[in-house]
Amino acid sequence: MSGKILKAAVISASVRDGRLSHRVSLCLQQRLQAVYASVDMLDLREYRFPLLSERYAYLLKQQPAPEAGLMTALADFQRRLLAADHVYIVSPVYNTSFPAALKNIVDAYYTEWQGKKVGVCTVSSGMVPGISSLQQLQTLMMAMGATVAPGLFTITQVDKDFDEGGRVAAGTRNEKTVQDWITAVQALG
C-alpha cells in the first residue's frame with residue numbers, strides 16, 4: 001500500500017435498468033484499487049437525483065428549503081466529489097450524447113469542479129465509438145473548470161468484452177483502453 005496517497009472517484013452515469021456501462025465502472029473501480037489509496041463509486045442510479053432547479057449552493061439558501069433527503073444526498077455527493085483527487089466519469093452513449101442524469105449532477109456543482117482532475121470515457125454496446133459524446137462531455141468539464149485528461153477513451157461492444165462483475169476480457173482493445181485511460185488521468189498529477 002505504500003506510495004498510494006491519491007483518492008479516486010468513479011462516476012457511473014447510467015441510471016437505466018439493464019445498464020451495460022456500469023460494467024466498465026466496476027472494472028475501473030477494481031483496477032484503480034491497485035493504484036489509489038481509496039476509490040469511491042458515485043453511482044447516479046443509487047442517488048436517484050430528481051431534475052434539479054438550481055445549483056446545490058443556491059439550494060442551500062432557498063426558502064422554503066428543499067426536501068431534506070435531497071439535500072442530504074447532494075451534500076454526500078459533494079463531500080465525496082471534493083475528497084477525490086481524480087474523477088473518472090463513465091458515460092453511456094445516448095443518441096450521440098450523454099445522459100441527462102449526468103448533465104444534471106455536473107450542473108449541480110460549480111466550484112467543486114474547479115481544478116478537479118477528470119478523465120472521461122464513453123461506452124457503447126455497438127461497434128461505433130462514442131467520440132462525439134466523449135468530446136461533448138470533455139468540453140463540458142473544461143467549461144466547468146476541470147482539468148481533463150487528453151485522449152479519446154471509448155469502449156465499444158461492452159457486452160462482449162465486460163462481464164456483469166466488471167471483468168474485462170484480457171488482451172482486448174477495451175482492456176488497453178481502460179489502462180490507457182488510467183495512465184492519462186494519473187499523468188495529470
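Q: Is Phe77 buried or exposed?
A: In this predicted model, where local features need pLDDT of at least 70, side-chain atom pairs count only at pLDDT 80 or more, and totals for chains, interfaces and linings use all residues, Phe77 counts as buried because its relative accessibility is 0%; buried means under 20% relative accessible area, exposed over 50% and partly exposed in between, with a 1.4 Å probe and protein chains only. Residues are numbered from 1 along each chain as its sequence is written, and side-chain values use heavy atoms, with hydrogens and water left out.

Q: Which aromatic pair does Tyr47 form with Phe77, stacked or edge-to-face?
A: The structure holds seven aromatic pairs, where rings of Phe, Tyr and Trp (its six-membered ring) pair if their centres lie within 6.5 Å, and planes under 30 degrees apart count as stacked, over 60 as edge-to-face and the rest as tilted. Tyr47 and Phe77 are edge-to-face, at 5.3 Å centre to centre with 70° between the planes. Tyr47 lies in helix H2 (residues 44–47) and Phe77 in helix H4 (residues 68–83), so this pair ties together parts 30 residues apart in sequence; helices (H or I, at least four residues) and strands (E, at least two) are DSSP runs, numbered from the N terminus.

Q: And what about Phe49 and Phe77?
A: Phe49 and Phe77 also form an edge-to-face pair, 6.0 Å centre to centre and with 80° between the planes. Phe49 counts as buried, with 16% relative accessibility, and one aromatic cluster is formed by Tyr47, Phe49, Tyr56, Phe77 and Tyr109.

Q: Switching to charges, how many salt bridges are there?
A: There are ten salt bridges, each being a side-chain nitrogen of Lys or Arg within 4 Å of a carboxyl oxygen of Asp or Glu. Among them, Arg80 and Asp40 meet at 2.7 Å, N to O, and this pair links distant parts of the chain, with Arg80 in helix H4 and Asp40 in strand S2 (residues 38–43), 40 residues apart.

Q: Which residues are in the network with Arg80?
A: Asp40, Asp76, Arg79 and Arg80 are linked in a network of salt bridges. Within it, Asp76 and Arg79 meet at 2.6 Å, N to O, and both lie in helix H4, three residues apart, about one turn of the helix.

Q: Last one: how many disulfides?
A: The count is zero, a disulfide being a pair of cysteine sulfur atoms within 2.5 Å. The sulfur of Cys121 is 9.9 Å from the closest cysteine sulfur, in Cys27, which is too far for a bond.
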